[in-house]
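Subject: Structure for you to look at

Hello,

Here is the structure I said I would pass on. Please open it before reading the notes that follow.

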Amino acid sequence: MSTTTRRKRRGDTPPPRTGSSETEILRGFLDYLRASIAAKVDGAPEPQVRTAAVPSGTNLLGLLEHLTFVERSMFLGDNVTDWQATFQASPADSVADVVVRYREAVERANEILDGCTDLGAPVPRSRPGRAAPSLRWALTHMIEETGRHAGHADILRELIDGTTGR
């Protein structure tokens, strides 16, 4: 980051104080992480948002694109055949397009989750013939997956324009 780049600091929002049930806690933390990563990508400048800042090729916009596919696969039953390809947003998509698509996937996933009351029951899927994980496992996995990539996004956004915080 150049010395002329001004650091932008977002307020650092602490984890949520949710209800006391296991479902409320898991859903609260997942929604917190979802909002954090969407905010980290929203408003990021082109073309830096697509530029790989690490040797693996990871870029900020690609992380959110990937999480969109993960949400849709886990909770909506979409079939993904090439997970590596999910880390690249289409050149035709703007940052706003990818953020909106992610938020729509989250909203649809939450509609499914709102109908699930038993954490031990399998996640409803539209793909017959494939065993579904329990809702508990799916929520825990999504917290891990989203949290991991939110951490990557924190670093990538700071490298792009100095923005820090959640």
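A residue is called buried when its relative accessible area is under 20%. By that cut-off alanine 105 is buried, because its relative accessible area is 1%. Please keep in mind that this is a predicted model.

The chain as a whole

The chain has four helices and zero strands. In sequence order the pattern is α-α-α-α. The chain is as compact as a globular protein of its length, because its radius of gyration is 17 Å, close to the 15 Å that the globule rule gives for 166 residues. Along the principal axes, the C-alpha atoms take up a box of roughly 55 × 35 × 25 Å. Of the 166 residues, 40% count as buried. Among contacts with a separation of 6 or more, 72% are between residues 24 or more positions apart.

Helix α2 against helix α3

Helix α2 covers residues 60-76 and helix α3 covers residues 95-114; their axes come within 9 Å and cross at roughly 20°. Angles under 35 degrees count as roughly parallel, and α2 and α3 are therefore roughly parallel to each other. The crossing of α2 past α3 is left-handed.

On the α2 side, the residues that meet α3 are Leu61, Leu64, Glu65, Leu67, Thr68, Glu71, Arg72, Phe75 and Leu76. On the α3 side they are Val95, Val98, Val99, Arg101, Tyr102, Ala105, Val106, Arg108, Ala109, Ile112 and Leu113. By class, this contact of α2 with α3 has 14 nonpolar residues, one polar and five charged.

What does alanine 105 contact, leaving aside its neighbours within four places in sequence? The residues are Thr68, Glu71, Arg72 and Leu76, and each of these four is listed on the α2 side of the contact with α3. Glutamate 71 is 34 residues from alanine 105 along the chain, and their C-alpha atoms are separated by 6.4 Å.

Helix α2 against helix α4

Helix α4 spans residues 135-161. The axes of α2 and α4 come within 9 Å and cross at roughly 170°. Angles over 145 degrees count as roughly antiparallel, and α2 and α4 are therefore roughly antiparallel to each other. The contact of α2 with α4 divides into 13 nonpolar, five polar and three charged residues.

Is glutamate 145 buried or exposed? Glutamate 145 is buried, because its relative accessible area is 12% and the cut-off is under 20%. Not counting residues up to four places away in sequence, glutamate 145 touches His66, Leu67 and Val70. Leu67 is also among the α2 residues that meet α3. Glutamate 145 and leucine 33 are 112 residues apart in sequence, while their C-alpha atoms are 9.7 Å apart in space.

A cis peptide bond

Which peptide bond is cis, with omega near -5°? The bond in question runs from glutamate 46 to proline 47. Proline 47 is in the loop between α1, residues 22-41, and α2.

Regards

Methods
Residues numbered from 1 in each chain as written. Predicted model: local features only at pLDDT ≥ 70, side-chain atom pairs only at ≥ 80, totals over all residues. Heavy atoms only, no water. Axes fitted to C-alpha atoms, helices over the stretch in contact; angles between N-to-C directions. Helix = DSSP H or I, 4+ residues; strand = E, 2+ residues; numbered from the N terminus. Parallel < 35°, antiparallel > 145°, perpendicular 65-115°, else oblique. Left-handed = near helix turned anticlockwise from the far one by under 90°. Contact = heavy atoms within 4.5 Å. Nonpolar A, V, L, I, M, F, W, Y, C, P; charged D, E, K, R; others polar. Rg over C-alpha atoms; globule rule 2.2 N^0.38 Å. Buried < 20%, exposed > 50% of the residue type's maximum accessible area, 1.4 Å probe, protein only.
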